[in-house]
Structures are given as C-alpha cells and as structure tokens.
Amino acid sequence: MRKADKILIVSIMIACLVLIIPIMQNAPVSKEAVVQVKNKEVLRFSLLENANYAVDGTLGKVSIEVKDGAVRVKQENSPHHYCSKQGFVDSVNTPIVCLPNETVVRIEGQEDGEDVQIQ
Amino acid sequence: MNTKKGVILAFLIALGIVFQLIESFFPIVMVVPGYKIGIANIVSLFALYAYSPKDMVIVTTGRIFLASLLQGTLFSIAFLLSVSGGLLSMFAMILAYRSKIFSIYGVSILGACFHNVGQVLAITYIYQQYFMQLFLPILLALSIVSGLCIALLTRQILLRMKGKLGLWKTSI
C-alpha cells in the first residue's frame, strides 16, 4: 500500500462525512398532521402538543389522538378497524387510511409545506 | 489477441459470472440496501493487472451482460444499475491505473467507490427521486472496505500466479 492509497482512503472518508452533513440537516421535521375526509381537508393540527380531536367520517365520528409527536386513530366505526389497529404513526411516509370512513390522516413534513396560499 | 489469451479471458468471464451468481444467492443483508462486496470485481481487477485495461473492459462488459442474461434480468432496472456502475468504475479504474499514482489498493477502492456513485446516479435518473442519495455516504464508506478486500484477494492471486500467465510490467 502506497502513500497515495492512504491519502485516497482518508479523502473518501472525509467526503463521506461532508456528504452526510447536509442530509442530516435536511431531514424533514414532521410537525403537522392533516385530516382529509372525502378528499377535503377538514382538520390540521400540530403534533407538538398532546390532544384529542374528532372529525365526522362517513360512518360516524373518528377520534384522533396526538401523543408525543405521533398520531393515531383512537376510535372509529368501521368493519375491520384497520386504522385504529395501525396505532401511532410519526412518519411522513405512512398515512393512516380509513377507507370506510373515507378519512386519511397524513403527517406533513416541513419540505411539503405550501409555498403560497391564494384565496 | 492470440488464442491462449482469448481462452484465458473467456475463463475469466466465466469465473466472474459464477462469482456474481453465487453472490446474488447470498445477499449480505445489512442496514444499507443494495450493498454487496462485489467478489466478481476480482476478475476485472485481475484482468487489468495481468493484461491491460482493454482486456478488463472485455471481461467486465462480458460478465455484466452474460450474468444478467443467466439471471434473467437483462435490460431490467437491476441490469441498468449494474451497467452504469460497471462503466463508471471501469473508467475510474483505468484512469487510476494509467496515472500510476495508486497501487492495486487505490485502484480497487476507486473502482468500488465509483461503482456506487454510478448506481446512485442511475437510480436518481430512473426513479427521479433523491432518496438513494441518502445512502451514498454510507455506501462510499463501505466501498472502502469492499475495495480493500478485493484488492487484498487479487494481489494474493496475482502474486501466486506470477510467471504462469506471462509477466506483467506494472508493480502491484
């Protein structure tokens, strides 16, 4: 092994560290959850404070609980209760879908935020 | 190219295919998806040092095409990733070999690194998503390890084969 090889290894390691910094900083911080019923946004709340919410689904009330930055469907009326069995979700990539109630709970990362709101 | 060399290159391609197939049977499942040591690169590196860059290109492209033909992934996404990584790593290895700055270790590590870079570029182009770039630093760090392993093995093979296939001028 020559000196140039060692320099190469060290420089690749440094490149790895340099590359990892912007990725760490750009990691999306999930803060808000959006509840959609029949493709319409009905509720938007912060995940930072623990609270309970309720929306009107197709088959009745869907109650949603926020706890420690994660969200779950606490109680709902549907044949199989898939969405309440799913439990707490804190990732932007996993929505909670309750098809019988036509309700979708989705966490929005900072990156996906709206640019401009036109009314 | 005489007949003897042609036959040896064909044997190298066959060996590379076997290595690649065996490795695909036992994927080293780690935290990082898509990480492989790339034992088949031994063959490419051997061809580069025992013969010439031109012979490495023959061996590597032959191995990529035939192995994917045997695996049934010809012209699929896995094949495109293999080709893009292979081409870029060949390019880097030839440049590093020609520059005569690096020993076999440096050449191998550069090849492994650029294989990963090529694959990430291809994934980004195909899927138009940037999520694989999150793995690039980790893949690069791991490619140092795999590059060193491959270089170590190839160096031993070259030292043991010295004088049997004809001499090579470049110091390992």
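Tutor: A residue is called buried when its relative accessible area is under 20%, exposed when it is over 50% and partly exposed in between, with a 1.4 Å probe and protein chains only. The model is predicted, so local features need pLDDT of at least 70 and side-chain atom pairs count only at pLDDT 80 or more, while totals for chains, interfaces and linings use all residues. Residues are numbered from 1 along each chain as its sequence is written, chains are lettered from A and ligands numbered from 1 in the order in which they are written, and side-chain values use heavy atoms, with hydrogens and water left out.

Student: Where does Ser63(A) lie?
Tutor: Helices (H or I, at least four residues) and strands (E, at least two) are taken as DSSP runs, numbered from the N terminus. Ser63(A) counts as buried because its relative accessibility is 19%, and the residues that it touches (contact means heavy atoms within 4.5 Å), not counting those up to four places away in sequence, include Tyr53(A) and Arg72(A). Its place in chain A is residues 60–67, that is, strand 4.

Student: Which residues are linked with Glu32(A) in a network of salt bridges?
Tutor: Side chains of opposite charge can pair when their charged atoms come close. Linked with Glu32(A) are Glu41(A) and Arg44(A).

Student: How many disulfides does the structure hold over all chains?
Tutor: A disulfide is counted when a pair of cysteine sulfur atoms lies within 2.5 Å. A search of the whole structure finds none, and Cys83(A) is in no disulfide, since the nearest cysteine sulfur, that of Cys98(A), is 3.1 Å away. Cys83(A) is buried at 2% relative accessibility and Cys98(A) is buried at 4%. The total over all chains is therefore zero.

Student: How far apart are the end C-alpha atoms of helix 1 of chain B?
Tutor: The expected span of a helix is 1.5 Å times one less than its number of residues. Helix 1 of chain B has 23 residues, 3–25, and its buried residues, among them Ile8(B) and Leu12(B), pack against helix 2 (41–50), helix 3 (53–71) and helix 4 (77–99) of chain B. The expected span agrees with the distance between the end C-alpha atoms, which is 33 Å.

Student: How many residue pairs are in polar contact across the interface of chain B and chain A?
Tutor: Buried area is the accessible area (1.4 Å probe) that two parts lose on being put together, summed over both, and here it is about 1,300 Å², with 79% on carbon and sulfur atoms. Phe102(B), Pro137(B) and Ile144(B) supply 34% of the area that chain B buries against chain A, while salt bridges across the interface number zero. A polar contact is a pair of N or O atoms within 3.5 Å, where within protein one must be able to donate a hydrogen and the other to accept it, and residues adjacent in sequence count only if both atoms are side-chain atoms. With both residues at pLDDT 80 or more, the number of such pairs is four.

Methods. A salt bridge is a side-chain nitrogen of Lys or Arg within 4 Å of a carboxyl oxygen of Asp or Glu.
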